[in-house]
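Biologist: I am new to this structure. Please show me how to read its features.

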Amino acid sequence: MKIEKKPSVAVYKLSSCAGCQLELLNLEPYLLDILEVLDIRYFPMAKREAGSGPYDLGLVEGAVTSGEEIIRLKKARADCRLLVAFGSCACYGGLPSMKNWVAERLVEERVYPNLAAVHSIKAYGIDEYVKVDAYLKGCPVSRDELVDFIKGVLLGTKPYLRPHSVCVECKLHENLCLFVTEGQPCMGPVTTAGCGALCPSHGRVCEGCRGPANDANPESLVETFEEYGLTRADITRRFRKYAGMTPEFERGAVSS
Amino acid sequence: MALKRVTIDPITRLEGHGKIEIFLNEDGNVENAYFQVPELRGFEKFCQGRPAEEMPRITPRICGVCPEAHHMASTKALDQMYGVEPPRAAQKLRELFYCAHMIHSHIAHFYALAAPDFVVGPSADPKVRNILGLVEKVGVETGQEVIKHRAYAQRIQAMIGGKATHPVCGLPGGLSKALKEEEREEVEKMARSCVSFARKSLKIFNEVVLEKKEYVDLVRSDFYAVSTYYMGMVDEQDRVNFYDGDVKVVDPQGKEVARFRGLDYLEHIGERVEPWTYLKVPFLKKIGWKGFVDGPGSGVYRVAPLARLNVASGMATPLAQQEYERFFEVLGGKPVHATLANHWARLVELLYAAERVLELSRDEEITDPKIRNLPTKKPVEGVGIVEAPRGTLFHHYRADVDGMIQSVNLIVATGNNHAAICMSIKKAAQGLIRNGEVDDGLLNMIEMAFRAYDPCLGCATHSLPGQMPMEVKIYDHRGEKLRCLKR
């Protein structure tokens with residue numbers, strides 16, 4: 001393929017573990033090809049010199065948890081033509097959003113000796129503050145989707161991001177259902193596919209890291225959880241792990 | 001001339017966010033230096049009130065660089081909490097998985113983070129002093145080999161763990177999925193290739209560093225050395241082990257002073273809180289905290305590859321054992337105090353990890369489907385210790401009567417090294433900065449003292465760090481910033 005002009009890319013990091021941006025480097029079979037077609041200008045974790053903006057594509061990793069991050073995020077929005085929520089934290093808060101149901105003061109007290117200097121806020125996805133053009137879900141992001149997405153950017157096509165639930169992929173793998181056969185409470189029925197039902201294929205229930213699928217029915221899953229003997233607190237904890245800030249999972253967290 | 005302050009912030013090519021501050025005196029020479037971690041977002045709090053069995057799937061998210069280390073320490077802590085021993089096949093499979101993580105991490109650190117300083121040159125233009133500049137020097141072929149073997153290590157981890165970043169396989173009493181015969185064959189094939197790649201890496205190190213007198217002198221130079229205690233895990237025959245064994249401590253002369261497991265860590269390690277950083281400073285309790293000083297009277301200790309080689313009597317695999325012997329022969333006997341020797345030690349460990357994966361992949365038991373003993377007791381308290389790529393990692397959990405996590409204590413590799421890192425930076429700065437003259441090449445040479453530890457600050461603060469890299473700042477004694485190198 002001939003690329004007229006390489007799209008310029010910036011990789012930003014807010015509150016996160018860096019796992020998603022490392023997935024970029026972990027695209028080993030394609031890594032050299034990707035470096036051929038993308039002009040990665042700003043990527044502080046991998047390279048020291050930084051090319052200036054504006055950029056065609058901005059990948060934002062991490063949840064927003066401080067005022068300083070809001071400022072950086074808005075600058076990123078202004079600098080990038082396409083802005084992508086890169087991974088579950090940037091999509092809807094991700095694992096850090098677990099803290100959102102504990103009073104902020106208690107979280108701060110637990111870790112900071114001097115509260116005067118602390119200005120943490122609840123963990124939100126980036127679309128709480130800026131317009132987002134695409135969402136790549138997952139903890140970490142799925143490499144297949146990432147490659148698909150990069151192809152989409154290069155060709156001007158819409159990447160195929162799965163709308164259905166993890167159960168569909170799990171069935172395609174011909175896995176035995178952990179929920180039905182072993183009674184292990186699984187978030188697969190309400191969670192977006194795209195991971196290839198990775199956890200259930202390894203004998204572990206889905207934790208919902210990819211957030212709600214289209215047309216998810218959390219109320220029905222709550223009923224099933226209750227039939228299997230989960231307490232209200234157990235159920236709430238499951239929905240408030242990665243994507244408790246989404247309306248669908250919040251419905252699951254509070255419905256009874 | 002006034003007292004100056006130099007800060008390196010952000011430090012690039014490292015995992016996490018931190019800064020180096022250097023204070024100059026009136027003559028422009030180094031008075032003091034600190035390594036600060038200005039962020040902390042407390043993972044311990046998130047975990048409270050979560051079911052104990054969730055911990056191995058929560059804690060990897062502390063850090064996307066070494067999630068496998070947290071996953072494994074967490075899983076081992078659960079074994080102890082539930083009082084259940086995994087079957088032999090599960091233990092071997094866990095070790096195989098874990099050694100694959102070491103291969104992956106050590107390759108990444110050496111080639112992407114450390115080697116550019118030596119191969120391209122410590123004071124080369126930062127534009128070429130990176131992995132791309134490195135590939136230019138060593139050839140695209142080697143670059144492709146690096147990528148290939150890093151991918152192999154990832155593939156092995158994903159086979160067992162589901163995915164390499166944030167694995168899901170660990171359960172109290174074993175693992176969630178057994179290894180199939182066709183997978184085993186694939187692992188064996190990849191491991192064989194990793195062994196020859198590790199040997200090639202040692203050959204490159206030999207050509208690029210050991211055959212150049214200026215670099216050997218640099219590695220051995222006094223300003224890159226601190227004489228501390230060392231800590232690392234050893235097997236029952238006193239050889240390096242990453243997955244399980246006793247934690248052993250030796251003094252600056254190499255004499256064993258402690259050996260412990262599990263909960264006993266509390267008797268041996270104290271943690272200090274310093275007002276200027278969010279990262280705690282651990283020290284050896286029985287020796288005591290004497291400040292940021294080296295020598296036998298100070299409780300400062302070091303972990304990571306050099307420390308592991310210093311505490312152990314050898315390596316458990318034949319080729320790595322030869323390299324181990326050569327390492328101490330060239331560097332003048334045990335223990336080695338030269339911080340930059342960490343890079344060489346890392347490659348010796350890379351070879352060991354590859355050989356060990358190969359050995360385990362040929363083990364008859366490795367495909368045994370019995371990989372779990374079901375726990376029958378309620379979780380109470382447990383400590384899981386592994387050797388993370390960057391050093392000893394402790395996870396300590398206590399549960400309430402319902403099996404929910406009540407308290408969590410994590411001592412991470414970079415935390416263990418915190419005091420020593422500060423001292424190494426100060427010493428390097430003192431040796432390199434003269435009369436207030438500071439340039440970019442010089443600052444990079446100071447950063448090298450820091451980078452040798454492969455610090456992972458995401459882990460260090462148990463945090464979800466914000467900005468990645470680091471900066472160097474220079475201040476005068478009135479607190480005025482004279483220079484700031486921010487990258």
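Biologist: Where is the kink in α4(B) centred?

Modeller: Remember that this is a predicted model. The kink is centred on B:F110 and comes to about 35 degrees.

Biologist: How far does helix α4 of chain B reach from its first C-alpha to its last?

Modeller: Start with the general idea. An α-helix has 3.6 residues a turn, so residues three or four places apart point the same way. Now the case here. Helix α4 of chain B covers residues 88–119, 32 residues in total. The helix reaches 43 Å, close to the 46 Å expected at 1.5 Å a residue. Just after α4(B) comes B:G121, with a positive phi of about 115 degrees.

Biologist: Why is α4(B) described as largely enclosed by the rest of the structure?

Modeller: Count the buried residues. In α4(B), 29 of the 32 are buried, so the helix is largely enclosed.

Biologist: Is A:T65 buried or exposed?

Modeller: A residue counts as buried if 20 or more other C-beta atoms lie within 10 Å of its own. A:T65 has 26, so A:T65 is buried. A:T65 sits in strand β4 of chain A, residues 64–66.

Biologist: Which domains does the assignment give for chain A?

Modeller: Domain 1 spans 8–155, and domain 2 spans 166–254. Their C-alpha centres lie 25 Å apart. Across the contact, 17 residues of domain 1 of chain A meet 13 residues of domain 2 of chain A. On the domain 1 side, helix α4 of chain A (residues 88–92) gives the most, with three residues. That side divides into seven nonpolar, eight polar and two charged residues.

Terms used:
Residues are numbered from 1 along each chain as its sequence is written. Chains are lettered from A and ligands numbered from 1 in the order in which they are written. This is a predicted model: local features need pLDDT of at least 70, side-chain atom pairs count only at pLDDT 80 or more; totals for chains, interfaces and linings use all residues. Domain bounds come from an automatic or database domain assignment. Two residues are in contact if their C-beta atoms, placed from the backbone, lie within 7 Å. Helices (H or I, at least four residues) and strands (E, at least two) are DSSP runs, numbered from the N terminus. Ala, Val, Leu, Ile, Met, Phe, Trp, Tyr, Cys and Pro count as nonpolar, Asp, Glu, Lys and Arg as charged, and the others, Gly among them, as polar. The expected span of a helix is 1.5 Å times one less than its number of residues. The bend at a residue is the angle between axes fitted to the seven residues ending there and the seven starting there. A residue is buried if 20 or more other C-beta atoms lie within 10 Å of its own, exposed if 12 or fewer, and partly exposed in between; C-beta atoms are placed from the backbone.
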